[in-house]
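Open the model in your viewer and keep the selection panel at hand. The tour goes stop by stop.

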Amino acid sequence: MQSMIEVERGAELLKVENVSLRFGGVKAITDVSFTILKGEVRAIIGPNGAGKTSMLNVINGFYHPQEGEITYRGQKRSRMRPHVAASQGIARTFQNVALFKGMTTLDNIMVGRSLKMTSRFFWQMFRHGPAMREEIEHRKFVEEIIDFLEIEHIRKVPVGKLPYGLQKRVELGRALAMEPELLLLDEPMAGMNLEEKEDMCRFILDTAAQYGTTIALIEHDMGVVMDLSDRVVVLEYGIKIADGTPDAVKANQKVIDAYLGVGH
Amino acid sequence: MTDIATAELDTFPKLLAHQARVRPLRPAMRHKDLGIWRQWTWAEMAMTVRHYALGLMAHGVAAGDKVAIIGNNRPKLYWSMMTVQSIGAVPVPVYADAVAEEMAYVLAHAEVRFACVQDQEQVDKILSVADQIAGLMLVFYDEPRGLRDYDPSRIQAIDSVIDQGAALMLADPEAVKRLDAAIEGGTGSDLSVILYTSGTTGRSKGVMLSAGGCINAARDTVAFDNLTDRDNVIAYLPLAWVGDHYLNYAQALVAGFTINCPESPETAADDRREVGTTFAFAPPRVYESMLTRIMIRMEDAGWLKRKMFHYYMGVAKKWGAKVLDQKPVPLLARLNYALGEMLVYGPLKNVLGMTKVRVAYTAGEAIGPELFSFYRSIGLNLKQLYGQTEAFLYVTAQADGAIRPDCVGPATPNVRIRIAGDGEVLYQSPGQFIGYFKDAEKTAETMTEDGYIRTGDAGFFEKDGQLRIIDRAKDVGKLKNGALYAPKYIENKLKFFPNIREVVAFGQGEDCITCFINIDLTAVGNWAERNTISYGSYQELAGHPEVYAMIAAHVAEVNRQLAEEPMMAQSQVHRFLILHKELDADDGELTRTQKVRRSFIAERYAPLVAALYNGAEEADISTEVTFEDGRKGVISARVKVMDAKTYPITSLQHAA
C-alpha cells in the first residue's frame, strides 16, 4: 500500500503529533508536536540530551514512539521500519559518519542508489545486460552528485582515508543519491572548521534550491542554524519549548534560559 | 611534418580556421565532465566558435571591446577567448582566485564591457563590484548552477548564446558576412590580448600583446621543441598567466595539438595521468610537492620496495642524466638502468602522469639542484626556461642535451639578450609587448633607448652561454659593510630543503642577514608524525622546539655552503625565526603567482624584523588575516627568535 499523495511546495509534508518516546523509565521525548513543510529547511535544536537525535530516529522509523502519531505525505503511520521510510523518500545522515570506510567515495554514493535498482540478482552478479545498462544510468546520476558536491578529486579514494569534513560531504552525497523527498541531517557540521562549515551550508542551501528537497537538520552552531533554516523547533529535556522563525526563537526567553542557564 | 602555418596566418582566428581545414578530425580539446572525457575536433571547435561569435555580436560585443575571461581552464572559456578575438574584440583573462576588490581594479582599468566567467562564484564577485566598472554591460556564464534566479538582463548563459548564434547562422547571412569580414580584416599588428601581471611590485599592469608577435614567438618554440598535432597538454595553469596563454593557447593553435581541461583544479594530477600528456610545464613547487609525496609514500612502503627504490635511485643518480643526454654509458650500467626503468622509474613516472612526456619545462623560480637532477635521473626531459609576460614568455630556454640546474639556458631563437652595466638582463623578442595598457610612462621606464626591454632581473652569462639569474635587480643590495646582498639567492638555498616552504631574507644596510621562515606543513607534519610530535595547528607546529632545532640545522648547512662561495660568504644567515602563519596571497603577502612581497612583509611584521636585529629571544605579533570569503580576523602569537650557526669564511678572496 504505497499510494502516497504528491505534496505541493509549502504544504504539510510531515506532521508529528503528541509523540512520546520512553526507554524503560527514561523519557526521551514527551508530547512533542510540529510540522515540516515541503521545500523548507527545518532545524531542530536544543542542549545536549534534549532528544533531537531521538526525534530524527522516530521520523525515519528507527524508534517507535509509545504515544502519538506521525503523518507523512498525508498518510498516518505508527510503526514503520527504516527501509520502508527510505523507500518512501526519507534519507538521513548520521552524527558519527556511517560510511563504508574501505569503499571509495564513488561506491559509497552508488550504495545510495541500491533502492532504485531493479534488475535481477542474476544479471547483477555478472554485470551484464539490464544490470549493466542500469548501472550506467545510476553512475550518471551519481556523477552529477559528485559534480554538485565538488568531490571529483576523491572519487576513487577510500573514504576511510579522507578528512572528516569530506567524509561528511560524501555522506550527504549518499543521502542525495536516494533522491529523497525529506532529508534528515544529524549535525552535518559537527567537528568542522569554519571553511568546511561554510561549504556545507552552501551545499545544504543548494540542495534545497536545486533538487527541491525538504531538509530537517539538527545543529549546535547557532549561527549556522539562524542562517540556514526557515523555521526552528527547540527541544529541552524532550519537551518542545519553542517553535518558529529563527528570529522569533532567538528572542524567546525560554530558549535563552535553556542555552544560557537561568539566574537563581 | 612541417605545416607550421605561413605568414598570412597572423591572427588566432585565422589560425583556428586553418587548423579546422588542415586537420578537421584531430582532437582540439578535451574536457573531463561528470567523470567522462568529452572531445571536440578542430572542425567542431571552429564551428562552435563561429556560432558563439554570432551570438556575442547579437548581444552587442563589437570590435575593440575589452572582454574579461574569468575561471578555471574550461573549454568554454578558451572558446570565449577565440570568439572574442574573432570579433576583433580583446580578451582580458583575469586570475580566478582574485578577491572582488582586486578584480574590480583590473576590470575597471581594462574598461571591460563584457565578461565570460565560469560560475556563480565569479558572477557574484563581478556583480558585487559592478558599480565600480562603469562600462560593464553583460556577464556570460558557463555553469548554470545557482544562477537560475538572477536577473537575465545582467547575465546570460554561454550555452544559450551559442544556440542563438547557431540559429543566426542560418537566419542572418548578413551577420555571417560581418563576422567573416572581422576575421579577414584582422592583422598581425592588432592588439590580441591584455594580460595583467601578477603585481609583484604594486598594482598589476596590463601587458598588451600583438597577434603577430604572439604567433611568431609560438612558431619559434613549436619548432624548437618539435611540437606536432600528436602532442597533448593538460591545461591547469591560470588562464590569466602568460604561461597558459603561451604554452597552451598559442602553441596549440600554431601546432594543432590537443588541450585537455581537467575536471577541477584538484583533479589535474589524476587527469594528467589519464590523458598522458607529452608536453608539460609546472613551476618548481609543483615538482617539489610531487617529490615530497613520493618520498612520504616510500617511507611507508615495505622494506623490500624501499630497498629497491633507494638502490635504483642511486643508479639513476649516477647514470640517468647521461642516458638521457645520450652520452657514453658502460654497457652494464646501461642494462642496470634499463632494469631500473622497468622496476622503479617507469612505474614512478606512470604514477606522476609523466610516462609520455617528451619535454617538460619549469620556470618562475629557481629550482633546487637535487630536485632537478632527481627528475632528470629517472628519465624525464626536464628543462628550464626564463621568461616574462612582457616578452610573451620565452627569453631563454635550454636545448635538449645541454641542461644544468643553476642556469636557464641560452636565448631562444630570434631573441637578443644584453647584460646592462649594473647586471640587469635586457632583451628583444619576437613576441615582445606593445606596451602597458593606459600607462605610457611605465612602458617608457621599461624600455631602454635602443628598444630593449628591462627584465628587472640581475644575471650573467656562464662560459657555456647559458644565462644565470641571481635575483631581482632592484633587490640586490649591500650590507652595512658593503658586502653583496642577494636575498633571493639565500632564500632559494634555504627553500631547497623540503621542510622549508617560504623564506623572506632581510639585510639591506644592516650588519648581517636574518630571515623569516615558513615551514612546509606536509613535510614537517609527516616528520612530526614519524617522531610522535603532537600538534594542534600550524602555529603550534611552527613554534615547536624540535622544529626549531631541525630548521636551525638547515640554516647552518646553508651557511656552510655560503662560506665556501667567494661572492656570498658574507651572506650567511645570523638569526632567524619561524613565522606563526603561512604567507598567503589573500593577505597580500604573496602575489597571485606565489612570489614573496618582501617590503610589504617587512612592514606588516615590523616588530618581528626589529626582534631579529635587537637580540630579543622572542617577540609578539598580531596580524590581520583575510578568510576565503573576504571576512577579516586577527591572529596573534609570540614568536621565538633563534641565532644560527655561522662558519668562518674559507675562501681567501674577501668581498670588499
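**Stop 1: a tyrosine in chain B.** Select Tyr337(B). Leaving out residues up to four places away in sequence, Tyr337(B) touches Val315(B), Trp319(B), Gly320(B) and Val323(B). Touching here means contact: two residues are in contact if their C-beta atoms, placed from the backbone, lie within 7 Å. Tyr337(B) sits in helix H13 (residues 331-352) of chain B. Helices (H or I, at least four residues) and strands (E, at least two) are DSSP runs, numbered from the N terminus. Buried or exposed? Tyr337(B) is buried, with 22 other C-beta atoms within 10 Å. The cut-offs: a residue is buried if 20 or more other C-beta atoms lie within 10 Å of its own, exposed if 12 or fewer, and partly exposed in between, with C-beta atoms placed from the backbone. Tyr337(B) and Ile378(B) are 41 residues apart in sequence, yet their C-alpha atoms are 9.3 Å apart in space.

A word on the model before moving on. It is predicted: local features need pLDDT of at least 70, side-chain atom pairs count only at pLDDT 80 or more, and totals for chains, interfaces and linings use all residues. Residues are numbered from 1 along each chain as its sequence is written, while chains are lettered from A and ligands numbered from 1 in the order in which they are written.

Stop 2: Select helix H1 (residues 12-22) of chain B. H1(B) is mostly covered, with 9 of its 11 residues buried. Among the buried ones are Phe12(B), Leu15(B), Leu16(B) and His18(B). Lys14(B) and Gln19(B) are also buried. What covers them? The cover over the buried residues of H1(B) includes helix H2 (42-58), helix H3 (75-87), helix H7 (173-185), strand S8 (191-196), helix H8 (211-224) and helix H9 (242-255) of chain B.

**Stop 3: a sheet in chain B.** Colour S16, S17, S19 and S20 of chain B. They form an open sheet of 4 strands in the order S16-S17-S19-S20, with antiparallel pairing. Strand S16 (416-419) and strand S20 (467-472) of chain B stand at the edges with a single partner strand each, so one side of each has no neighbour in the sheet. From one strand to the next, the twist averages 50°. That angle is taken between N-to-C directions, from 0 to 180 degrees, with axes as lines fitted to C-alpha atoms. Zoom in on strand S19 (residues 453-461) of chain B: 5 bridges join it to S20(B), and the two run antiparallel. Two strands pair if DSSP finds at least two bridges between them. Ala458(B) stands opposite Asp471(B) in S20(B).

**Stop 4: the domains of chain B.** Domain bounds come from an automatic or database domain assignment. Chain B is divided into domain 1 (12-208 + 241-251) and domain 2 (477-643). Their centres, taken over C-alpha atoms, are 41 Å apart. The contact takes 9 residues from domain 1 of chain B and 7 residues from domain 2 of chain B.

**Stop 5: chain A as a whole.** Chain A has 10 helices and 10 strands. Its radius of gyration, taken over C-alpha atoms, is 19 Å, close to the 18 Å that the globule rule gives for 264 residues, so chain A is as compact as a globular protein of that length. That rule is 2.2 Å times the number of residues to the power 0.38. Along the principal axes, the C-alpha atoms of chain A fill a box of roughly 70 × 45 × 35 Å. Buried residues make up 37% of the 264 residues in chain A.

**Stop 6: the domains of chain A.** Select domain 1 (9-89 + 180-264) and domain 2 (100-179) of chain A. Their C-alpha centres lie 27 Å apart. In the contact, 11 residues of domain 1 of chain A meet 10 residues of domain 2 of chain A. On the domain 1 side, helix H2 (82-87) and helix H7 (194-211) of chain A give two or more residues. H7(A) supplies the largest share, 4 residues.

Stop 7: Select Asn18(A), in strand S1 (residues 12-23) of chain A. Asn18(A) is not a glycine, but has a positive phi of about 45°. Asn18(A) is exposed, with 12 other C-beta atoms within 10 Å. Finish at Tyr237(A), in the loop between strand S9 (231-236) and strand S10 (239-244) of chain A. Tyr237(A), not a glycine either, has a positive phi of about 45°. Tyr237(A) is partly exposed, with 15 other C-beta atoms within 10 Å.
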